[in-house]
Structures are given as structure tokens and as C-alpha cells.
Amino acid sequence: MSIIVDAGGLSCPQPVLMTLNKIKEIQKGEIIVKVDTDTSKENVSRAAQSQGWDVANIQKDEAGYRLTIKKE
Amino acid sequence: MAKFKNFFATRWGIIGVGAFIGVIAALLQKLGNPGNMGICVACFERDIAGAIGFHRAGVVQYMRPEIIGFVLGSLIAAYIFKEFRPRTGSAPVVRFVLGVFAMIGALVFLGCPWRALLRFAAGDGNAIFGLLGLIGGIWIGTLFLKGGYNLGRVQKTYTSVGWLLPLTMLGFLILMIIFPQIKGEAKSGILFYSVKGPGMMHASLIISLLVGLAIGFAAQRSRFCTMGAFRDLILFKQTHLFLGLLALVTLAFITNLIVGQFHPGFVKQPVAHTMQIWNFGGMVVAGLAFALAGGCPGRQLFLAGEGDGDAAVFVLGMIVGAGFAHNFGLASSPKGVGPHGIAAVIIGLLVCLFIGFTMRKK
């Protein structure tokens with residue numbers, strides 16, 4: 001069961017702040033981040049990578065995107 | 001998977017867009033735009049407010065096609081790349097008020113962040129105080145963001161909601177074509193046109209519009225934002241947007257040197273004053289308002305173009321704010337701050353602090 005960060009409908013920098021807080025909290029593992037704009041998708045990807053996390057999957061759905069980020 | 005398909009959103013993409021804006025803005029001055037004001041989103045929205053008579057400051061009335069182009073260029077880019085997402089509902093009234101005070105603060109300094117950078121790149125030392133104020137205001141904003149400040153989620157909405165501001169801009173363009181400027185006349189039909197001062201200085205309609213469209217397109221793709229540049233640097237130590245800002249300053253500086261527009265000093269700078277405390281203070285208010293609203297004035301136009309109805313409300317707030325600024329004597333002039341400019345800065349700061357302190361989620 002992955003941890004979900006629901007940042008849908010929130011604008012910059014909230015999605016990044018929420019993702020980084022979760023990364024800080026769990027240190028490693030898998031997080032699914034839900035966002036609704038391409039800008040948020042790019043910003044969250046960039047922020048995760050800057051923390052040494054991989055963007056394992058990006059899924060497009062009705063509400064926007066589901067990003068799966070991972071760190072072993 | 002993690003590779004971006006969008007070149008503009010890469011490091012070189014944002015640097016390219018910043019460089020493009022820097023060069024074009026410096027050249028627009030050569031083509032007729034006011035001194036160190038090749039592009040100024042706040043000043044140009046203020047000129048639009050003047051053109052439609054929201055204020056009667058005769059020297060700053062012109063329907064700036066650059067602003068129209070910014071919104072429509074972003075709309076075109078958003079549609080081509082399937083990023084147009086009509087959305088609204090994240091505390092629009094707060095965004096309106098932030099827009100009003102962002103404009104008032106910017107007009108005490110005499111410029112938006114873009115113009116602050118362009119003034120700096122042309123040797124105007126007063127801009128340093130404005131930029132320091134901008135950074136200070138954004139820094140206060142990051143403290144609120146860290147403390148949980150949040151205006152809430154947007155909702156998806158009708159496509160036509162996202163179209164309202166672009167259509168308004170299109171309407172402005174049509175008005176400008178129906179009532180074109182008549183040399184020496186202060187009014188053409190229902191539109192006001194400055195016959196002296198910065199409002200009289202402009203590149204041709206077609207050049208201004210094309211430049212606006214190109215910048216709107218590129219900025220939508222790259223997410224170029226001057227407030228975000230400092231915010232991300234302070235909040236996340238992230239340099240992505242900041243590189244775009246550096247490219248803008250550097251290329252504007254080089255272009256100014258080449259075309260002979262670099263004049264270092266503090267006094268007699270074009271459309272600028274030397275009351276440094278208020279250059280600083282005005283931009284603290286503006287910077288804080290931009291940070292609380294999530295984007296610099298340029299970025300708000302590009303967001304409005306891609307369907308963000310709340311950004312559109314911020315833009316309308318800025319245009320109305322320009323009316324307050326000039327009708328109430330809040331805006332500065334080359335002689336210094338307006339009769340009530342100082343009071344406006346203090347009230348603006350209090351309003352922004354009220355918003356920052358009271359709108360947070362646990």
C-alpha cells in the first residue's frame with residue numbers, strides 16, 4: 001500500500017511542499033503524488049529528483065496526473 | 001519516464017526564455033516603448049486601466065498590446081500542447097485584493113519585477129532597492145507558506161470560464177482597432193490615449209502584439225516566473241526558475257550595452273525616483289502579494305491564458321488597483337512618492353499580513 005499525497009487542485013508551491021514534507025517524513029519507500037496541472041507534474045518531478053528519488057511512473061487520469069516516486 | 005517532453009521546461013529551456021525576454025524587452029525600447037520599460041506588466045496594465053478611463057492620469061493611458069499578447073499567446077500554447085485546464089474557486093476574492101495591493105506597491109516603486117530587473121540591467125541603481133524589497137516580500141511570503149498558508153483547492157469548471165479573460169483581452173484589441181490612436185488627440189472614440197509622457201511612447205501595435213504573443217507562448221511552456229524564481233530559491237534552494245531570471249538580466253544588460261542604453265547612476269533615471277525607503281517598501285508589499293497569490297504579474301497573465309480563473313481575478317485586481325493608485329495619489333512619479341503613497345504601503349502591508357496570518361490550514 002503506497003502513501004498518497006493528494007495535491008490535486010493546489011497550485012505551486014503547495015504540491016512541492018507537500019511532497020518534500022512526505023519525503024522528509026518517510027526517508028525512503030514509495031509515494032504516489034496526485035496533481036492536476038502539467039506545471040505541478042514537472043515541479044514535483046524536479047523536486048523529487050533533487051532529493052535523490054526516482055520518478056518511476058507518471059499516469060494520466062481524469063483529474064490530472066498520478067506520479068509514483070520511489071527511493072530504495 | 002521521468003524525461004520531460006517539454007523542452008521549454010528544461011534548464012536550457014527556461015534560460016532560453018529568460019534570455020529571449022531580456023533581449024526583446026531591451027529592443028522594444030528602441031522601437032518606441034518608454035525608458036527601461038521595454039516590458040513592465042504592472043505599468044502596462046496600469047496604462048490599460050488608463051486607456052479605459054479607470055484613472056485619468058493623462059500621461060499613462062494606452063491599451064498595451066503586449067499584455068493582450070501575453071494572455072492570448074499563453075492560450076494558444078496551452079491549446080496546442082493540451083494544457084488548457086479551466087479551473088477556479090481558490091479564494092478568488094483574496095486574489096482580487098492581493099492584485100489590488102500588488103499593483104499599488106509596484107506603482108510606489110514604479111515597476112513590476114520584470115521592470116525592476118530591466119531597470120537594474122540598464123544601470124538604474126534605484127532598482128537595487130526595489131529588488132531587495134521584492135526579495136524581502138517574497139521571503140515573508142515563504143514564512144507564511146512554511147506555516148501552512150494556503151488559499152485552498154481549485155475546481156474544474158466550464159471551458160468558457162477559462163476563456164473569459166482571453167476574450168476580454170481580445171475585446172480590448174478589437175476596441176483598439178475600432179478606435180485607433182489619432183495623433184495629438186487624447187481620446188479616440190471611447191479609448192484614452194496619452195499625448196505626452198510614458199503612455200505616448202510605444203512600439204507599433206503589430207510589433208507589440210507579436211512580441212506579446214511570442215513571449216506569452218514561450219512563458220506558458222517554460223512556466224517563467226520572477227516571484228517563483230526567488231521563492232523556490234529561498235524555500236527549496238532550487239535554482240531552476242532563478243536561472244531564467246538571471247538570463248533575463250544578463251541578456252538585457254548585454255543588449256543595453258550594445259544599443260547604448262546602459263547609463264549607470266541613481267538620478268535622472270527614466271520613470272524612476274530616488275526615495276529608496278519607498279522603492280524598497282513598495283516592493284515588499286508587491287513581493288508579498290505575489291508570493292501569497294502564487295505568481296508574479298507576468299505569470300498571472302500566462303496562468304489566466306491557460307484557464308486559471310483565479311489568476312484572471314488577480315489580473316483584474318491589478319487593473320482596478322491601478323485605478324486606486326492614480327485616483328488616490330498613491331502612485332509615485334519621477335518627483336517621488338505620491339501624496340498618499342506611504343500610507344498605501346503601510347495599509348498594503350497590513351492587509352497582506354492579515355491574509356497571510358489568517359488563511360492557513362493545519
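This is a predicted model: local features need pLDDT of at least 70, side-chain atom pairs count only at pLDDT 80 or more; totals for chains, interfaces and linings use all residues.
Q: In which sense do E1(A) and E2(A) pair, parallel or antiparallel?
A: E1(A) and E2(A) pair in the parallel sense, over four bridges. What lies on the path is worth a look too: E1(A), helix H1 (residues 14–26) of chain A and E2(A) together make a right-handed β-α-β unit.

Q: And how do E2(A) and E4(A) run, parallel or antiparallel?
A: Strand E2 (residues 29–35) of chain A and E4(A) run antiparallel, joined by seven bridges. Gly29(A) stands opposite Lys71(A) in E4(A), and Glu30(A) stands opposite Lys70(A) in E4(A).

Q: I see two residues numbered in a row there. How should I picture their side chains?
A: In a regular strand the side chains alternate between the two faces of the sheet.

Q: How many residues lie between E3(A) and E4(A) in their hairpin?
A: The hairpin formed by E3(A) and E4(A) has two residues between its strands. Strand E3 (residues 54–61) and strand E4 (residues 64–71) of chain A pair in the antiparallel sense over seven bridges. As an example, Asn57(A) stands opposite Thr68(A) in E4(A).

Q: In what order do the four strands of chain A form their open sheet?
A: The order is E1-E2-E4-E3 in chain A, and the pairing is mixed. Strand E1 (3–6) and E3 of chain A stand at the edges with a single partner strand each, so one side of each has no neighbour in the sheet. On average, and ignoring direction, neighbouring strands of this sheet are turned by 20° against each other.

Q: Which helix packs on this sheet?
A: Helix H2 (residues 38–50) of chain A does, touching E2, E3 and E4 of chain A. The direction of H2 makes about 5° with that of E4(A).

Q: Now for chain B. How can I check the span of helix H10 (residues 240–259) of chain B?
A: Count 1.5 Å a residue: the 20 residues of H10(B) should span 28 Å, and the end C-alpha atoms are 29 Å apart, which agrees. After H10(B) comes Gly260(B), whose phi is positive, near 75°.

Q: Which residues of H10(B) are buried?
A: Among them are Leu241(B), Leu245(B), Leu248(B) and Phe253(B). The cover over the buried residues of H10(B) includes H2 of chain A as well as H1 (11–30), H5 (113–121), H8 (205–222) and H9 of chain B.

Q: Last one: how many residues does each chain bring to the contact?
A: Chain B brings 21 residues and chain A brings 24 residues. On the side of chain B, helix H9 (residues 226–236) gives the most, with five residues. By class, that side of chain B has eight nonpolar, seven polar and six charged residues.

Notes. Residues are numbered from 1 along each chain as its sequence is written. Chains are lettered from A and ligands numbered from 1 in the order in which they are written. Two residues are in contact if their C-beta atoms, placed from the backbone, lie within 7 Å. Ala, Val, Leu, Ile, Met, Phe, Trp, Tyr, Cys and Pro count as nonpolar, Asp, Glu, Lys and Arg as charged, and the others, Gly among them, as polar. Two strands pair if DSSP finds at least two bridges between them. Axes are lines fitted to C-alpha atoms, for helices over the stretch in contact, and angles run from 0 to 180 degrees between N-to-C directions. The expected span of a helix is 1.5 Å times one less than its number of residues. A residue is buried if 20 or more other C-beta atoms lie within 10 Å of its own, exposed if 12 or fewer, and partly exposed in between; C-beta atoms are placed from the backbone. A crossover is right-handed if, with the strands pointing away from the viewer, the path from the first strand over the helix to the second runs clockwise.
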